[in-house]
Amino acid sequence: MTGRSAVSAVKAALKSQTVETPSWAFGNSGTRFKVFTQPGVPRTPDEKLADAARVHAHTGVAPTVALHIPWDRVDDYAALASRARELGVRVGTINSNVFQDDDYKLGSVTHPDPAVRRKALGHLLECVDVMDATGSRDLKLWFSDGINYPGQDDISARQGRLEEALAAVYERLGDDQRMLLEYKLFEPAFYATDVPDWGTAYAHCLKLGEKAQVVVDTGHHAPGTNIEFIVALLLREKKLGGFDFNSRFYADDDLMAGAADPFQLFRIMYEVIRGGGYTPETAFMLDQCHNIEEKIPAIIRSVMNVQEATAKALLVDGSALDAAQRSGDVLAANAVLMDAFNTDVRPLVAEARAELGADADPVAAYHASGYGKKIVAERVGGNQAGWGA
């Protein structure tokens, strides 16, 4: 493939990519100690959709927005989906919440009390109802369930309770719907988290069937974990459902995607492309909190970071890499990857965005639009959205 045809192929691939934005990232957020408020933050799910639509307008590749129930609960979800379409976006993944109720102090679907487990399962099934009303494909499940002390509960019994709940939700899914099971190393459970790693999530999904897939949150691993190895293995087993992209320095920091280690994001995207996962079946989602920076520009910047990492991964010379690997030339093989990573792809990505009818420089276009000042002036009164820490 010539240089010109290679560039055309990369641009075509970039224009087919979509990055889902999370409704909660537009709201107020903070640390365990303090939620920092900002003027102009959405007060309703409708206003979150409007902000998500602004991100899509500038980037051209963020057509869906994930909802979080009950944070985005409304009386009429079909009407909310219709409003999203009017704004130029669609409702995407539905995220459940079984971690912010007093009843869930000792767990939700793995709680020792059957009444609490029934309550948690009822919420998960409610989320499938929301999927039906909005036309959503994916249900994302994350459980804070776990124990803090040895002996607090039976570890194996909790896995059995989890299995029972997942099976009930799986049975409720429609033929065109999926369950994405997320894992997290620790927090808020510190001794034993019930879904702490990809292996646990994979084992449950494997038992459930094809509609159950693992979602990889890039912030949910121990320091030094080779995330791209996990990605490659899940792709081989056809169990990679998607990503929650964010950055981490120490734990689940939820910083902008590509901010802490852009090389890692590039390596992940290379394995996605290499493993045949660069398709609509792999959900590329953001899962971030913007505590001290402006929210919409930060989300735009994150989308751009994912695009740039993808462009670099697409530029890897597969033939040269294969030849170096087959000959055992370690340095040459590594150089092929480094050459792609060190390529300045910003002009190429800007051209792809422009060809989509979006903005070559989305952040500058956002600031020039006056949207930020407009929402600060308009969104006065009411209750700002936030996750209430």
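Predicted model: local features only at pLDDT ≥ 70, side-chain atom pairs only at ≥ 80, totals over all residues.

1. Both faces of strand 8 are covered, with R178, L180 and E182 buried on one side and M179 and L181 buried on the other; buried here means under 20% relative accessible area, against over 50% for exposed and partly exposed in between, with a 1.4 Å probe and protein chains only.

2. Residues are numbered from 1 along each chain as its sequence is written, and side-chain values use heavy atoms, with hydrogens and water left out. Helices (H or I, at least four residues) and strands (E, at least two) are DSSP runs, numbered from the N terminus.

3. Strand 6 (residues 138–141) runs parallel to strand 8 and is joined to it by 4 bridges, and two strands are taken to pair if DSSP finds at least two bridges between them. Within this pairing, L139 stands opposite M179 and L141 opposite L181. Strand 8 also pairs in the parallel sense with strand 10 (residues 212–217), again over 4 bridges, and there A212 is the bridge partner of M179.

4. These strands belong to an open sheet of 8 strands in the order 1-4-5-6-8-10-11-12, with parallel pairing. Strand 1 (21–22) and strand 12 (283–286) stand at the edges with a single partner strand each, so one side of each is left without a neighbour in the sheet. Helix 5 (residues 155–172) packs on the sheet, touching strand 6, strand 8 and strand 10, and its direction makes about 155 degrees with that of strand 8; contact means heavy atoms within 4.5 Å, and angles run from 0 to 180 degrees between N-to-C directions.

5. Helix 10 (residues 318–327) and helix 11 (residues 330–341) pack at an angle of about 160 degrees, their axes being 8 Å apart. The two helices are therefore roughly antiparallel to each other, a term used for angles over 145 degrees. In their contact, A320, L321, A324 and Q325 of helix 10 meet A332, A333, V336 and L337 of helix 11. The residues of this contact divide into 7 nonpolar, 1 polar and no charged.

Definitions and conventions: Parallel < 35°, antiparallel > 145°, perpendicular 65-115°, else oblique. Nonpolar A, V, L, I, M, F, W, Y, C, P; charged D, E, K, R; others polar.
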